[in-house]
Amino acid sequence: MQKYVKKTVAVSLCVGLMAPTLVACTKSGSGDSKSEKVLRIATTGYGNDEYLRQRFTELFEFANPNIKFEFISTSDDRYMYGGRPDPKEKPKDPMDKLKEVMTSDSPPDVVMVGYEQLPDLISNNMLKQLDQDIAKDKFDTSDIVPAVIEGIKKAGDGKIYALAPTFYSSALIYNKKMFDEAGVQYPTDKMTWDQTFDLARRLAKGEGENRKYGFSFTPENMGDDIYYATRMYTAPLDLKTFDDKGEKMTVDSDQWEKVWKTLLQLKTEKILPEPIDFSKRGNSGPNENPFDYDDFLSGRVAMSIIDYSNISHYTNVMKNVANIKGLTAFDWDVVTVPVHQEAPEYGGRIGLDGLMGVNAKAQNPEDAWKFIKFINSEDWARLKAGTSSNLVSRQKYIKPKDGAEFNIKAFTTLLPAPSRDNKIYREKPGLYDVERLGSQKFQQVVQNKQQVRDALKQWQTEGDAMLQKIKENPNAQFDSMMQGG
C-alpha cells in the first residue's frame with residue numbers, strides 16, 4: 001500500500017512538473033481558450049468513463065480546463081465474447097450504432113475504435129484524413145514505431161486516418177541457460193516458424209516429469225488445448241475458417257492441412273509441453289513452487305511467446321528468485337515472434353490501444369485534432385511511458401523498466417497481422433460454434449481417431465450445414481451439437 005501511495009504521489013508530481021510543458025504543447029492552433037467547449041468521444045467498448053478519463057483524457061483536461069469531455073459508448077455487453085442474444089430479437093451491431101451516432105444531428109468529434117474496424121470507417125468516408133493536419137502543424141510521426149504507424153497506413157492505403165498513443169505486443173522469450181547447456185545458438189529476430197521449431201527440437205530432452213520442452217505458444221501450461229493457443233500462428237497467413245459472408249467453409253484445403261500437420265507433429269514429438277496433473281503436485285505449502293503453472297519460469301520450456309505486459313512480472317520474479325522455493329535463476333532475452341516466409345512483416349499478438357480518429361462530421365474538428373495530437377505527442381509519451389502496462393508508440397520512450405536489460409525492439413518491429421472485423425460474429429453468434437467444431441475435430445486427430453484431411457473434410461461438411469442454418473436464422477444455436485462433439 002505504501003508503495004502504491006508513493007507511486008501515486010510520484011505521478012502527481014510528474015503531472016505538476018510537466019504542466020507548463022503540456023499547456024504550451026496545446027496552445028498552438030487552440031483558438032478561443034476561454035469559452036467552454038465540449039469534445040464528444042464515441043467508443044465501441046473501451047471501458048467506463050472513469051477508465052477512459054484516467055487512461056486518455058485527464059492530462060488534456062488538466063492542460064485545457066475550458067474543454068470538457070463527453071463519452072458515448074456504442075457497445076452492447078450482451079454480444080461481447082460470444083454472448084447469446086435473445087432468439088426473438090434482431091442482433092444490434094455496435095459498429096452500425098457507431099455509424100448512426102457519427103452521422104446524427106449531434107455527432108461525436110472523436111471516435112475510438114479497434115484496428116480491425118478502421119478500414120470499414122475509412123472506406124465509408126466517415127473519418128477525416130489527418131495527413132494535412134500533420135503536415136500543417138509539422139507533427140513529427142517519424143518516431144512512432146513501425147508496428148503502429150505502418151499498421152495504420154496499411155489500413156488507410158498509405159494515408160493516416162487515426163493515431164494510437166499506446167499498443168500491446170508480444171515477443172519470443174528464451175531461456176539462455178537451456179540454450180547454453182544444449183550448445184545451441186540463441187534465436188534471432190524474424191526467424192521463421194520452421195526455424196524456431198527446428199531450434200525447439202534441439203532443446204527438447206528427457207522423459208516424464210523431468211522432460212524439457214522446446215517451445216510453447218504461451219508460458220501458462222495449456223495441456224492438450226493447443227488449437228486456440230495457435231491462432232497467432234495462422235493469423236499472419238489470413239487463414240480463414242469460412243468466407244467473408246459466413247456462408248461457405250474454407251477449411252478443406254492444402255494450406256489448412258499443412259498447418260494442422262505442422263502443429264500436430266510438434267505435439268507428437270513432445271516439443272510442446274504436456275499437460276500437468278496439478279492434483280499430484282500436493283497441497284499448497286511453503287515448499288511448493290508458486291509459479292508451477294508457468295512452464296517458462298519453472299524451466300520446463302526453452303522458448304515461449306510472451307506479452308509485453310508480463311515482462312515486469314518476469315523481471316521481478318528473477319530478482320527475487322533466491323527467496324522463491326522451487327525456482328532456479330536463469331538469464332533470458334527476447335526476439336521477435338517468428339514469422340511466416342509468405343508474410344515476413346507480420347507478427348503475433350499486436351494491438352493498437354486508444355486508436356482514435358476525427359469524425360468526418362465533427363462539429364469541433366479543430367479541438368478533436370488538438371486532442372489526438374496531444375495524446376500522441378512526445379510529452380504525453382514521456383509521462384506515460386513509466387506508468388502504462390502497454391508500450392507507448394513513441395520509440396524514444398520505449399525502454400526496459402526496473403533496470404532490466406533485454407531486446408525491447410523485439411516488441412516494436414513487426415506489424416499487426418490482418419484481422420477480420422468481429423461484426424460478422426456479432427451478426428451471427430452461431431459462428432463461434434462453427435469454430436468450436438473445428439477444435440473438436442482437431443482433438444479427434446490428436447487422439448488418433450481421425451486423419452488430418454478426413455477431419456478437415458468433416459469440419460467443412462458439418463460446418464457448411466451449420467452455416468446454412470445460420471443463414472436461415474442468424475440467431476441459430478448449436479449447444480446440443482457442441483455437447484455431443
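In which loop is Ile398 found? Ile398 lies in the loop between strand S11 (391-392) and helix H14 (423-427), where helices (H or I, at least four residues) and strands (E, at least two) are DSSP runs numbered from the N terminus. This is a predicted model, in which local features need pLDDT of at least 70 and side-chain atom pairs count only at pLDDT 80 or more, while totals for chains, interfaces and linings use all residues. Residues are numbered from 1 along each chain as its sequence is written, and side-chain values use heavy atoms, with hydrogens and water left out.

Ile398 is buried, with a relative accessible area of 11% (buried means under 20%, exposed over 50% and partly exposed in between, with a 1.4 Å probe and protein chains only). Ile398 and Ile408, ten residues apart in sequence, are 7.7 Å apart in space, C-alpha to C-alpha.

Helices H10 and H16 pack at an angle of about 130°, with their axes 10 Å apart; axes are lines fitted to C-alpha atoms, for helices over the stretch in contact, and angles run from 0 to 180 degrees between N-to-C directions. The residues that make this contact (heavy atoms within 4.5 Å) are as follows.

| Helix | Residue range | Contact residues |
|---|---|---|
| H10 | residues 254-268 | Asp254, Trp256, Glu257, Trp260, Lys261, Leu264 |
| H16 | residues 452-472 | Val452, Arg453, Ala455, Leu456, Trp459 |

Trp459 also touches residues including Tyr227, Met249 and Val434.

Methods: Lists of a residue's contacts leave out its neighbours within four places in sequence.
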